[in-house]
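Open the model in your viewer and keep the selection tool at hand. The stops below give what to select and what is found there.

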Amino acid sequence: MDDIELKTSVRGFWNQASCGEIYARGESEKAYYESHGKAKYDMEPYIADFAKFTEGRGKDVLEIGIGMGADHVEWAKSKPRSLGGVDLTPRSVDHTKKRLQIYGLESDIRVADAEELPFPDESFDLVYSWGVLHHSPNTAKAVNEVFRILRPGGIARIMIYHKYSLTGYMLWARYGLANGLPFRSLEDIYCHHLESPGTKAFSIEDAEIMFSEFSRVAIRVQLSFGDLLEGAVGQRHQGGLLTLAKKLWPRRLLKRFCKNHGLMLLIDARK
């Protein structure tokens, strides 16, 4: 599958349901989106600490991959000088526009490709993306686009998937080892069995290379709700074994001893 075909597949996958849409419930639009936001931040309380939404105040901010708009609303509440959001799917753009409208907030929302951002050089002070760029066929190109549109001294806060994660090991055990394919690579496992087609995950060293043009880069690993088998994780992999694992999973021990094997790489980079 070439990059164009893969991008079409990725768009189709996420246009069926935006990330986290399974958690949205409610008779009114406001209740629908608020239930999604509550579930999102209950499962991922580390987002606010990483994003530092209040730092958007008075700045030109862009979010790449807006999803259902929960984070985008938080950026809008911070009162930035300007706010923009892009997503590969019309579904996410529609969700986020509705969500902003409910709260009387505004943003320049549009469908766009992270590898070819429709903005001039040095347009933004802060670029944020949570769990998106690893779905793009050429993640390094998307990171280069982030660098291009940032002003000197600007900040990028990006989450991409970590290769050496509990999630990856679990998927390998099920789709590699259990299928008699013990030498199947983690790259192939992520590509075919984690979220949209072609999903990638990176080592810390991979991330350092991709962000090498930045003047300062801080990277840390974060255990995700997927690593801990919490929430609705495993929708694509339902079965008796998963149900049993969710009940018996030693979450306390994993939080203590496997901190460096989380699915998320949190990258804070300054241009």
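Start by selecting Lys271 and Phe147: the charged end of Lys271 sits over the ring of Phe147, 4.6 Å from its centre. Such a placement requires NZ of Lys or CZ of Arg within 6 Å of the ring centre and within 35 degrees of the ring normal. Lys77 also lies over a ring face, that of Tyr103, at 5.3 Å from the ring centre.

This is a predicted model, in which local features need pLDDT of at least 70 and side-chain atom pairs count only at pLDDT 80 or more, while totals for chains, interfaces and linings use all residues. Residues are numbered from 1 along each chain as its sequence is written, and side-chain values use heavy atoms, with hydrogens and water left out.

Next, select Phe53 and Trp75. They form an edge-to-face aromatic pair, 4.9 Å centre to centre with 75° between the planes. Rings of Phe, Tyr and Trp (its six-membered ring) pair if their centres lie within 6.5 Å; planes under 30 degrees apart are stacked, over 60 edge-to-face, and the rest tilted. Phe53 is in the loop between α3 and β1 (60–64) and Trp75 in helix α4, 22 residues apart. Helices (H or I, at least four residues) and strands (E, at least two) are DSSP runs, numbered from the N terminus. Phe53 is buried at 10% relative accessibility, and Trp75 at 0%; buried means under 20% relative accessible area, exposed over 50%, partly exposed in between (1.4 Å probe, protein chains only).

Around Tyr128, contacts (heavy atoms within 4.5 Å) beyond four places in sequence include Ile47, Phe50, Leu62 and Arg157. Trp130 forms one aromatic cluster with Tyr46 and Phe50.

Finish on α5. Which of its residues are buried? They are Ser92, Val93, His95, Thr96, Arg99 and Leu100. Seen down the axis of α5, the buried residues fall within an arc of 165°, so they line one face of the helix; the arc is that of the directions from the helix axis to the C-beta atoms. These residues pack against α2 (29–43), α4, β2 (82–87) and β3 (108–111). After α5 comes Gly104, with a positive phi near 65°.
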